[in-house]
Structure formats: C-alpha cells, structure tokens
Amino acid sequence: MAMQPAEMTITQPRRARKPWTWERVYPILTLLPSIIAIAVFVYGFIVWTGVVSFTKWNTLVPDLSWNGFANYRAIFQDFRFQSDLRNLLFFTVLFVLVSMIIGLFLAVLVDQKIRLEGLFRSLFIFPMAIAFIVTGVVWQWLLNPSTGVNLILKALGLTHLPKWYVDITIVPSIPWGHIKFGLPLALLAVIIAAVWQMSGFAMALYLSGLRSIPDDLKEAAAVDGANAWTTFWRVILPQLNAVTVTVVIMLIHISMKTFDLIYAMTGPGAAFVTDMPSMDMFQTTFQGNHYAQGAAISIIMLLLLAIFIVPYLTYSLRGEKP
Amino acid sequence: MSLRRVNRAVLYLVLCIFAAGYLMPVYVALITSLKPNSEVDLARMWQLPTRIDLSSWGQAFERLSPGLATSLELAIPATIIVAIVGACNGYALSKWRFPGSRTLFQWLLFGMFIPYQSVLIPLLKVMDSIGLYNSVPGLVLVHVIYGLPIATLIFRNFYVGIPDDLLEAGRIDGTGYWGLFRSIILPLSVPAFVVIGIWEFTQVWNEFLFAATLTTPPHQPVMVALQNLSGSQIVQWNVQMAGAIMAALPTLIVYIFLGKYFVRGLLAGSVKG
C-alpha cells in the first residue's frame, strides 16, 4: 500500500488543513440526532432533576421555589432512606460476591473440555433472558415460607425453617441513625433470586476470559510441576484480574438499579427491610407526590453509580487505539 | 487413570446439580401452571399434576393478551429503529473519526449506565406535554433514545474489526460516505444486526420502570400486566405461573434459538468484550 494511513482517514487532528468536503461533515451529521437526543434526554434531564431536587415541589402542584439542601437533609434523616442505604450496601456486597464466586466456579467447570458444553452453558445463562418481573413472581412463590423451598428443607429434617422475605430480623442490629444497622435477613431471599438470574452473566464473562488465556501459559505452568490448584491461583487467576474488574463493576451497576425484582417479589417490606433507593424514589415521587424529595433520591443514586462507572469507562476506553 | 475417571465423574455430578438448581424454578412454574385450582396448595407444590389442566393458561392469556400485543407493537419498531441508528452511529464513530470523537463516544456511553430514576420526572413531564404520555409511540421513542448508547457501542466495536483497507479500495474508486456504508459495511453487518436485534428486543420486552411510569391500562406492556396479575391477592398461583411463563416465552424462545448472539450482546454491554 503506497498510501499513508494518515491520508486515508480523518483521525489526525493536527495535519495541514484539508479541503472542506461533505465527507468530513457526514459523520457529524449522522451523529447529530443521537447527540441531541442524548444531550436532552440524558444530560438535560439529569440537570432538570437536579434542579427539582433543590425546590419545594413536594405536592402534586409544581412549586419551583428554592429550598436549598432541605430535601437532601430530609431524606438522609428519613427512616426509609436510611434503611435503603443499609439494604443497598448489604445487597450489593452479597449479590456481587456470591454471583462472582459461582460464576467463576461454573466457568472453570465448563472450561474442562466437557461434553455437552453448549447445553450446560445455555442452562447457566438462560435466566438472563428472563425479565426481573418474571423472576420475582416465580421466586416469591418458591421462597414463600409455608411452601416451596421450605418443604424440601423440612423433608431434610430442618426444624428452624427460614422465614425468607417475611423475616424482619436484622443481624447484628446495631443502632445507627434512626435504624438498626446490619443485614436484614429478608434480603437473603432477594439475593438468592438475583444470583439465580445474574450469575450466568459472571460465568459468561469469566469463560471468555479463561478462553483468552493462551494454552502454552497453562502448559508452561504444568511443566514447571505446579499442580492444578497452584496453577489456578498463581497463573490463571492473575490473568483474570481485568475480567474480575468488569464483572464487579457490571454487577454493582445492576445491583444499584435493582427495582423490578423487588417490586414483583417483596415490595418495600415490613419496616422497609427489602426497600431500595430505586423503589423509594418511585413511590415517594409518583405515589407520594414528593417530587423534590424523589428527585433528591435519584440524584444520590446517580452519584453512587457514577463513582463506579465513570472511572471504569475512562479506564476501558483508554486502552483502545486512538 | 482411575483417579482421572473419578474426577470426571465428580465434575459432571457437580455440573448436573447446578443445572438442576437453575432449572428448578422453571419446573415448579411449569407444573403449577398445569394444575387445576383444586390441586394448587401449599403442601403439594412439588407434586406433578394428576391430570393436565390448561384452564389457568386460558385465564392468564385473557388477562395478559392486551399487554402481549402492546409489548409486540412496542418492541419490534423500537428494535428496528435502534438497530438502524446504531449502525449509522457506529460507522461514523469507527471509520470516520474526527477530533473529539472518542470523548463524544464516552459521553454517549454513560447514558446506558444512569439509573433511569434520575430522568424520570422530566421524562414524564415532556412526554405529557408533547402528547406521547400513555401511548405506544411514546414508549418506542423512549426505548429508542435510551437504547442508542448500547446499539452504538455494539456497532462501533464490530466495525472497528473491519479492516480500513477494505474501505480504502472503494474510496480510491471514488465511492462516497454513504456508498461505502451501503456497498461494503452493511453487507458485513448481519451478525451485528442479529446481536443488537436480540439484545434490544429482550431489553424492551422485559423493561418495567418506563412502562410502569409512562402508561396506564389498557396501554400497559406485558410486564406491567403480569405484575398487576400477580399483585392481586385473589389470583391463584397456577394462573400467576402460567402468566409468568407466557410473558417469558418470547424472549426465551429467541434465546433458545439464537443464544450465541444473545451472549455476545451480553458481553458487549460490559464495554469490554
């Protein structure tokens, strides 16, 4: 090829001025409708929501007079929102951890050159194709304390059957603000359903990670006399660090947005033991008509997510060629 | 050798236990949906029905059919539009980079990670003022806009894999921007269209928050209808389970036949992939 790559594409900003052609305008024209749509519907609306969160609009009739940080102070002193933050913390940690461990475990099993690999893989991933609402409806019945899973536990001889999502116990229940800090046991039921649905996602990511590790690396370790277990910890796992970052960030992202599953399965729960910020926002805004407080909750949700997503996006895209 | 045999046996045993665990909810939902009302009780949840009774499917269909129709009217156009716009965007961002195109891409991508609660109040007001509240076209518009980031991402990453040399040959012949897109890029894009088609259809079909906020009966998509069905205490469990399976079936069928492409969408959605 005689032509220099720089002449071919318009990637180099600092070259001598090129003649004005339609070719240089088309890409921007193509993108323009999407740029406008995202600018308005994502960034414009976020700013709008931000503005609402500083107003007195806490009735059905919009009142856009300035209220300072009063809505934020109100939600942070609210029993319900404090419960939300506690629940979100415990839900996220357990859901991410368990999904990750099961996902990695299954990926390693599936990667052992097994028969019917496609079938097993499909079985572990299919819940991802199902709506959270459907998952919630089905698991609500499976974990109904008087039937379902508890029938099996009873048959196995268990006498203290778990009360699942109707349990209001909080462990260890340390007083904190207006609430008791600790893991609400009712959340475990929701976590089980969420792990059932999402662990296949972790498996798929880990499996693609395992498949991209060159075989000679594994073989080299085997020649060195490392047994399978050491090979896994010393050679394979470090190679999966980047995948683990992706898995954790994506699962955190899903966990923070959890809404449908809770809505269908448990609702906010007694004393808000299974409530989430997403649910609180929805009900505060559209059922309670406290628009400004709802807006404040959603801004907190956005900030919590941005802490994880913005560095991740920057890091993911920086690795690419310019 | 025999140790290896034992290891393999244990491996398959563990895999089968997990597979059974993942299938367990499907089994329970299915057998329950096939029971007559008289056999649905708490103590006999795990027992097979004595005879197959489809009356709960009939009842569920009666309650869900408007929602199923709405969801189809919603998911099909939204998927088609999002795929077309995504392909054009991906082409512009991968083959015609301009100063700032990467930053623009990053800002675009962030749109798919926001909690939609943070745009919900303005969205409701705007939809209401332009007369699209509680309408299928309104929901299509919303799904197209918030589906744009992932569609753009999938096509862009797909097109990055097409060598620039391919376009160069056409460019020397004097083929322009849209000509290159039509003659070279589009014919190679079929897999990307399948991936985004499956992904977007599944997302729109399964979506709940926008549907619950922006519609009221009888314009509600199937997931809201299912939630209403199971939310009413008088409805029997067999009807709820039949409804749940019915609502899940379209995306499940797509998954069963095109699972490979679904997983590709899944991996692409995590930005690296």
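How many salt bridges does the rule find across the interface of chain B and chain A? The rule finds zero, a salt bridge being a side-chain nitrogen of Lys or Arg within 4 Å of a carboxyl oxygen of Asp or Glu.

Before going on, a word on the model. It is predicted, with local features needing pLDDT of at least 70 and side-chain atom pairs counting only at pLDDT 80 or more, while totals for chains, interfaces and linings use all residues. Residues are numbered from 1 along each chain as its sequence is written, chains are lettered from A in the order in which they are written, and side-chain values use heavy atoms, without hydrogens and water.

Chain B averages a pLDDT (the predictor's confidence in each residue, from 0 to 100) of 91, and 99% of its residues score at least 70.

Now back to the interface. In chain B, 95 residues are in contact (heavy atoms within 4.5 Å) with 98 residues of chain A. Together the two chains bury about 9,100 Å², which is accessible area (1.4 Å probe) lost on being put together, summed over both; 77% of this lies on carbon and sulfur atoms. On chain B's side, helix α1 (residues 2–33) of chain B gives the most, with 17 residues. Helices here are DSSP runs of H or I with at least four residues, and strands are runs of E with at least two, numbered from the N terminus.

Finally, look at chain A for a hairpin. Its strands β1 (residues 170–176) and β2 (residues 179–184) pair in the antiparallel sense over five bridges, where pairing requires at least two bridges found by DSSP. A:Pro175 stands opposite A:Lys180 in β2(A). Two residues lie between β1(A) and β2(A), and A:Gly177 in the turn has a positive phi of about 60°.
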